[in-house]
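Colleague: I'd like to learn how to read this model feature by feature. Could you walk me through it?

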Amino acid sequence: MEDVVKQPLLGLTLNELKTVVTEEGMPAFAAKQLAQWLYVRGARSFGEMTDLSVHNREKLAQRYEVGISDPVEQQRSTDGTVKYLFRTQAGDFVETVYIPEDERATLCVSSQVGCRMRCAFCMTGKQGFSGNLTACDILNQIYALPQRGTLTNVVFMGQGEPLDNLDNVLRACSLLTAGYGLAWSPKRITVSTVGLRKSLERFLDESECHVAISLHNAFAEQRAAIMPAEKAFPIEEVVATLRRYDFSHQRRLSFEYIVFGGVNDSVAHVKALVRLLSGLECRVNLIRFHQVPNVELHGADEAVMERMRDYLTSHGVFTTIRASRGEDILAACGLLSTAKQQGINIDKI
Ligand code: SF4
């Protein structure tokens with residue numbers, strides 16, 4: 001008998017679940033029960049869904065699967081950060097980083113296998129692009145997480161450019177915030193982007209989640225040297241787009257700025273930042289650079305970063321320095337999945 005490729009239910013909206021139950025000859029209210037099991041209770045099998053009849057569960061299991069699969073590897077940092085490696089539905093590998101803090105626990109999720117943006121400081125950029133994650137792949141990083149119940153925030157800052165996979169990212173965000181799902185406030189979700197302008201507009205129109213722009217240099221030519229996406233999506237135009245939206249209430253706009261020693265940490269750079277962001281309701285996060293294999297760039301001095309923060313804050317741009325987490329496991333770099341994609345033994349790198 002031919003193997004049936006089962007469709008995962010994780011990632012389907014309530015309306016889509018209604019179509020599934022109708023097609024299976026089940027009562028309409030079963031869609032709500034399914035959504036509860038999938039998105040609120042985090043069921044991993046149809047066997048757990050005890051308020052559906054055994055007959056209906058068996059019928060579902062013939063054509064569908066829940067869609068949750070455990071991480072295949074993990075690396076734990078001395079500071080409590082854990083990097084997980086997940087296998088996608090298509091058989092690729094992506095990384096997810098769990099970052100516990102005093103009052104918070106943030107999960108950094110991936111949205112693509114590899115990335116088209118080719119940022120010079122990023123291991124994932126060097127991987128090239130292999131494909132988009134489905135909404136199921138994105139949600140699986142959350143639902144299969146051993147610490148799922150402790151999560152306070154999800155940030156789309158892992159592998160890939162989230163707005164280059166906009167439909168699936170929007171779908172995942174709306175399932176996390178839906179009343180029939182986890183009913184999270186959109187304030188608990190941040191989506192980061194290099195600034196794909198049309199997709200950014202659509203994201204801002206169709207979601208209420210926070211937005212983080214990967215900035216890293218306010219001078220266009222210098223930004224293009226480390227972020228080729230600047231050529232297609234100039235930061236000046238991205239900021240002009242952002243000025244049309246209201247960030248003075250619940251929704252937060254932040255700019256991520258990795259500080260590279262001798263590259264983007266001068267007085268001229270902070271002045272350019274002030275000029276670019278002047279009058280915009282936003283914050284800047286200065287980020288320490290984690291050394292990445294085969295990348296010439298290096299981090300800036302702590303004192304330099306503090307001076308940058310103080311200058312920006314005193315000129316009306318609220319700025320923080322992001323604590324460095326998981327440095328010993330290269331939490332931010334894509335090394336684990338790159339090795340796995342290429343079948344390399346990680347210990348030999
Ligand atoms: S930093 Fe982000 S956008 Fe740039 S190449 Fe890496 S994953 Fe892609």
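**Reading the model**

Modeller: Let's start with Phe129, which sits in strand β8 (residues 129-132); helices (H or I, at least four residues) and strands (E, at least two) are DSSP runs, numbered from the N terminus. This is a predicted model, where local features need pLDDT of at least 70 and side-chain atom pairs count only at pLDDT 80 or more, while totals for chains, interfaces and linings use all residues. Residues are numbered from 1 along each chain as its sequence is written, and side-chain values use heavy atoms, with hydrogens and water left out.

Colleague: Why does Phe129 count as partly exposed?

Modeller: Buried means under 20% relative accessible area, exposed over 50%, and partly exposed in between (1.4 Å probe, protein chains only). Phe129 is classed as partly exposed because its relative accessibility is 29%.

Colleague: On to helices. Which residues of α3 are buried?

Modeller: In α3 (residues 54-63), the buried ones are Asn56, Arg57 and Leu60. They cover an arc of only 100° around the axis, so they lie on the same side of α3; the arc is that of the directions from the helix axis to the C-beta atoms. The face turned away from this buried side carries the exposed residues His55, Glu58 and Gln62.

Colleague: What do the buried residues of α3 pack against?

Modeller: Their partners are α1 (14-23), α2 (30-40) and β2 (64-65).

Colleague: And how do I read a nonpolar core?

Modeller: In soluble globular proteins, nonpolar side chains tend to be buried together. A nonpolar core is a set of buried Ala, Val, Leu, Ile, Met, Phe, Trp, Tyr and Cys residues joined through side-chain atoms within 4.5 Å. Here the largest one has 105 residues, of which Phe156, Phe255 and Leu277 touch the most other members. Outside four places in sequence, the contacts of Phe255 include Ile213, Leu215, Val239 and Leu277.

Colleague: Last one: is His290 buried or exposed?

Modeller: His290 counts as buried, because its relative accessibility is 12%. His290 lies in the loop between β13 (283-288) and α12 (302-314).

Key
Contact = heavy atoms within 4.5 Å.
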